[in-house]
Amino acid sequence: MRRMKFTLGAVTALALSTAAFASEVAPDAVDFTDDGVTMSLTGVAGDPVAGAETFKSRKLGNCLACHANSDMSGELFHGDVGPELDGVADRWDEPMLRAIVANSKQIFTDETIMPGFYSLEVGAHLNEDLVGKTILSAQQVEDVVAYLGTLKE
Amino acid sequence: MKRLLIAGVVLAAAFAGSGPVWAEPVDDTLEIDGVPMVTRTKAPEGHPFDEVLSGWLFREAETRDVERDTIENPGMIAVEDGETLWNTVDGTQGKSCASCHNDAAETMKGVGASFPKWDADSGKPINIELQINKCRTEQMGAEALPFNKGGQQELTAYIKHQSLGMPVELDLSEGDMQSWWEKGKDVYYTRTGQLNLACASCHEVAMGKFIRADHLSQGQVNGFPTYRLKSGLTSLHQRFRGCIRDTRAEQPKAFSDDLMALETYVTWRGTGLSVETPSVRQ
């Protein structure tokens with residue numbers, strides 16, 4: 001069932017090509033397979049430049065809070081709660097990177113500290129304004145994944 | 001799917017290990033006005049860590065130095081304001097704290113090291129802030145102070161400062177303290193908010209690491225109210241609420257059952273550390 005919805009979504013997305021309202025895969029319909037999330041969440045190619053901004057921004061990805069990244073050595077304060085992301089694209093392919101960013105708990109364990117950026121599996125007492133909302137939009141995830149894809153050694 | 005990717009996890013762990021910025025808490029000792037502080041001690045039984053460590057050990061050298069020196073410590077102004085309030089008459093009974101408790105240096109010594117304690121009247125743990133309100137309403141005929149207002153933080157800082165250097169030690173055998181400890185433990189390990197993080201995610205699992213510019217400590221409470229160089233005097237429940245807000249969750253009310261349970265449990269996690277009030281943090 002899940003997969004069917006997903007395929008239909010992708011087909012529609014293709015039909016509409018780059019239209020901004022191309023149907024997105026809903027956060028609870030993302031298909032995590034053994035190979036990761038193999039299809040784009042939006043059907044619109046990710047933009048690595050926008051992805052880098054989302055990655056840095058404290059209001060959006062704030063990925064630097066937990067990950068050092070030499071590609072952004074101009075930015076102050078890289079955390080080390082998670083591993084360095086230098087060369088991350090050599091370690092994981094695109095579907096796996098998409099899965100890690102969308103909901104890392106599907107890839108690592110439930111215990112991971114890394115938040116799920118496109119997931120509705122959230123903690124208790126969720127801020128009222130955020131009910132049903134994900135940290136990043138589907139396109140922002142695609143952009144971040146495209147950016148991560150540039151991190152090769 | 002989930003646990004198939006052990007190889008990836010191992011790889012991630014290997015990279016984390018080779019990271020450049022892992023920083024141990026410093027090897028340094030703290031004396032305030034000649035009084036030695038215990039900033040590192042063996043953890044009580046049943047504690048997740050072997051050693052409990054004061055947040056002081058995780059701060060930069062300049063921040064640590066400000067706490068060493070009571071003349072420089074801006075939190076001492078709050079302590080002085082608290083002393084004034086201690087001696088100020090308020091309420092219909094024409095009394096001040098000093099009317100009943102006299103010299104705080106004697107009567108309040110050790111109090112700050114042993115709270116929260118069991119309050120049979122309310123059937124709950126009581127902290128210093130609520131004890132102040134209890135005495136105001138029941139003894140002085142004065143209004144309860146609202147959270148963080150009317151000198152609540154200053155009086156609390158003044159009372160806790162009378163225990164400077166004394167080791168934190170709770171009596172969990174009184175009343176239902178043990179079940180509040182359990183409830184607090186549940187709160188500590190419950191993931192909250194959109195970021196789905198528990199206190200333990202940051203202060204236990206990631207303790208010693210950097211989250212952006214912040215060196216994560218064990219989240220100990222022995223220095224509260226604390227003076228934060230970037231935002232001033234900060235009460236304990238304000239800090240709890242701030243950390244919970246940062247997970248993008250609704251903030252529980254100050255002195256709510258959840259936060260009283262949390263205060264009980266987290267205070268126990270710092271058993272043996274010296275009271276540092278008013279501590280200095282970033």
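The secondary structure of chain B comprises twelve helices and eleven strands (helices, H or I with at least four residues, and strands, E with at least two, are DSSP runs numbered from the N terminus). Its radius of gyration is 20 Å, close to the 19 Å that the globule rule gives for 282 residues, so chain B is as compact as a globular protein of that length (the radius is taken over C-alpha atoms, and the rule is 2.2 Å times the number of residues to the power 0.38). Along the principal axes, the C-alpha atoms of chain B fill a box of roughly 70 × 40 × 35 Å. The model is predicted: local features need pLDDT of at least 70 and side-chain atom pairs count only at pLDDT 80 or more, whereas totals for chains, interfaces and linings use all residues. Residues are numbered from 1 along each chain as its sequence is written, while chains are lettered from A and ligands numbered from 1 in the order in which they are written.

UniProt lists the feature "domain: Cytochrome c" (unreviewed entry) at residues 77-163 of chain B, and the feature "domain: Cytochrome c" (unreviewed entry) is placed by UniProt at residues 46-152 of chain A. Positions are given in the numbering used here, feature names are shortened, and such annotations may be inferred rather than shown by experiment. Residues 77-163 of chain B are 53% helix and 7% strand, with the end C-alpha atoms 17 Å apart. For residues 46-152 of chain A the values are 32% helix and 0% strand, and the end C-alpha atoms are 17 Å apart.

Helix H8 (residues 152-161) of chain B packs with helix H7 (residues 128-140) of chain B at an angle of about 110 degrees, the axes being 9 Å apart. Axes are lines fitted to C-alpha atoms, for helices over the stretch in contact, and angles run from 0 to 180 degrees between N-to-C directions. H7(B) and H8(B) are therefore roughly perpendicular to each other (angles under 35 degrees count as roughly parallel, over 145 as roughly antiparallel, 65 to 115 as roughly perpendicular and the rest as oblique). In this contact, Ile128(B), Glu129(B) and Ile132(B) of H7(B) meet Gln152(B), Leu155(B), Thr156(B), Ile159(B) and Lys160(B) of H8(B), where two residues are in contact if their C-beta atoms, placed from the backbone, lie within 7 Å. The residues of the contact of H7(B) with H8(B) divide into four nonpolar, two polar and two charged (Ala, Val, Leu, Ile, Met, Phe, Trp, Tyr, Cys and Pro count as nonpolar, Asp, Glu, Lys and Arg as charged, and the others, Gly among them, as polar).

H8(B) also packs with helix H3 (residues 75-86) of chain B; the two axes come within 7 Å and cross at roughly 95 degrees. H3(B) and H8(B) are therefore roughly perpendicular to each other. Contributors from H3(B) include Leu85(B) and Trp86(B), and those from H8(B) include Leu155(B), Tyr158(B) and His161(B). By class, seven nonpolar, four polar and three charged residues make up the contact of H3(B) with H8(B).

Helix H9 (residues 177-189) of chain B packs with H12(B) at about 95 degrees, with axes 7 Å apart; H9(B) and H12(B) are therefore roughly perpendicular to each other. Among the residues in contact are Trp180(B), Trp181(B) and Tyr188(B) of H9(B) and Met260(B), Tyr265(B) and Trp268(B) of H12(B). The contact of H9(B) with H12(B) has eleven nonpolar, two polar and three charged residues.

An open sheet of chain B is formed by three strands in the order E10-E9-E11, with mixed pairing (two strands pair if DSSP finds at least two bridges between them). Strands E10 (232-234) and E11 (280-281) of chain B stand at the edges, each with a single partner strand, so one side of each is left without a neighbour in the sheet. Strand E9 (residues 226-228) of chain B runs parallel to E11(B) and is joined to E11(B) by two bridges; Tyr227(B) stands opposite Val280(B) in E11(B).

A cis peptide bond joins Thr277(B) and Pro278(B), with omega about -5 degrees; Pro278(B) lies in the loop between helix H12 (257-269) and E11 of chain B. Another cis peptide bond joins Phe115(B) and Pro116(B), with omega about 0 degrees.
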